[in-house]
Amino acid sequence: MADRAGAPARAWQRMLSGRRLDLLDPSPLDVEISDIAHGLARVARWNGQTKGDHAFSVAQHSLLVEEIYSAIGKEVGPETQLAALLHDAPEYVIGDMISPFKSVVGGGYRSCEQRLQHAIHLRFSLPATLPERLKQDIKRADQIAAYFEATELAGFSVPEATQFFGRPRGISVDRFDLSPHPAKAVQSAFLERFAAIERTRAAA
């Protein structure tokens, strides 16, 4: 594919940090947590179809998933918490595509997402591919978060949310903040949580 001038199509994204991230061959050296936090805080979950004065962002979802994971995970530690916090990090570049559309688009989107996730993990000294048990624990936390978001914010009925995400057992939505917050506030909260986890990792 070529652009209007006949040159190869651009496959990189310019970041506010000044980095230039290649989507086809992302380098860990071009990944910055400030760019991730900025981008995720401005990407809306549920395509923006949520209640409240602000979008419920992927950054806020990521904080929720990490909090749920920390409450229910089997082997919780700073590295696994960081993996949970960054579970949707590629979306700072490629956006949050809802699951029904992912299934339509197919492998191209998922392969790009996977390459970005590997680069992000390597940038922050996590395994490029997480152990299966950890992936399953984070996925469970992700599904619980999706159920809470669906029923509290996105207009799903309980039967609908149960069908698609499963009904959480032994954990209540009351202990979590699902109020959508402004992008800058969520961006700051994401960076603060990242920094706290990194301090714990460094002290271990």
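Entry 1: Is Val-173 buried or exposed? Before answering, I noted that I am working with a predicted model. I then looked up the relative accessible area of Val-173 and found 19%. Buried means under 20%, so Val-173 counts as buried.

I wanted to know where this valine sits. Val-173 belongs to the loop that joins α8 (158–165) to α9 (183–203). Next I listed its contacts, setting aside neighbours within four places in sequence: Val-173 touches Phe-148, Glu-152 and Leu-178. I also took one C-alpha to C-alpha distance, from Val-173 to Thr-151, and got 10.0 Å for a pair 22 residues apart in sequence.

**Entry 2: the overall picture.** I stepped back to the whole chain. I counted 9 helices and 2 strands in the protein.

For the dimensions, I looked up the box filled by the C-alpha atoms, roughly 55 × 40 × 35 Å along the principal axes. The radius of gyration is 17 Å, and this agrees with the value near 17 Å that a compact globule of 204 residues would have.

Which share of the residues is buried? I found 44% of the 204 residues. Then I turned to the contacts with a separation of 6 or more: 64% of them link residues 24 or more positions apart.

**Entry 3: surface and charge.** On the charge side, I noted 24 positive and 25 negative side chains. The centres of these two sets lie 2 Å apart.

**Entry 4: helix α9.** How many residues does α9 have? I counted 21 residues, and the helix reaches 30 Å from its first C-alpha to its last. That is close to the 30 Å expected at 1.5 Å a residue.

I then wrote down its buried residues: Val-186, Gln-187, Phe-190, Phe-194, Ala-196, Ile-197 and Arg-201. A reminder to myself: an α-helix has 3.6 residues a turn, so residues three or four places apart point the same way. Where do the buried residues of α9 pack? I found them against α1 (33–40), α2 (58–72) and α3 (78–85).

**Entry 5: an isoleucine in α7.** Ile-144 is part of helix α7, residues 132–152. Its relative accessibility is 6%, so I put Ile-144 down as buried. Leaving out residues up to four places away in sequence, I listed Ile-68, Ile-72, Pro-168 and Ile-171 as the residues that Ile-144 touches. I also checked Ile-144 against Ala-161: they are 17 residues apart in sequence, with 10.0 Å between their C-alpha atoms.

**Entry 6: two positive phi values.** My last stop was the loop between α1 and α2, where I found Trp-46 and Asn-47. What is the phi of Trp-46? It is near 60°, a positive value in a residue other than glycine. Asn-47 is not a glycine either, and its phi is positive at about 55°.

Trp-46 is buried, with a relative accessible area of 16%, whereas Asn-47 is partly exposed at 49%.

Conventions. Residues are numbered from 1 along each chain as its sequence is written. This is a predicted model: local features need pLDDT of at least 70, side-chain atom pairs count only at pLDDT 80 or more; totals for chains, interfaces and linings use all residues. Side-chain values use heavy atoms; hydrogens and water are left out. Helices (H or I, at least four residues) and strands (E, at least two) are DSSP runs, numbered from the N terminus. The radius of gyration is taken over C-alpha atoms; the globule rule is 2.2 Å times the number of residues to the power 0.38. Buried means under 20% relative accessible area, exposed over 50%, partly exposed in between (1.4 Å probe, protein chains only). Contact means heavy atoms within 4.5 Å. Lys and Arg count as positive and Asp and Glu as negative; His and the chain ends are not counted. The place of a charge is taken as NZ of Lys, CZ of Arg, CG of Asp or CD of Glu. The expected span of a helix is 1.5 Å times one less than its number of residues.
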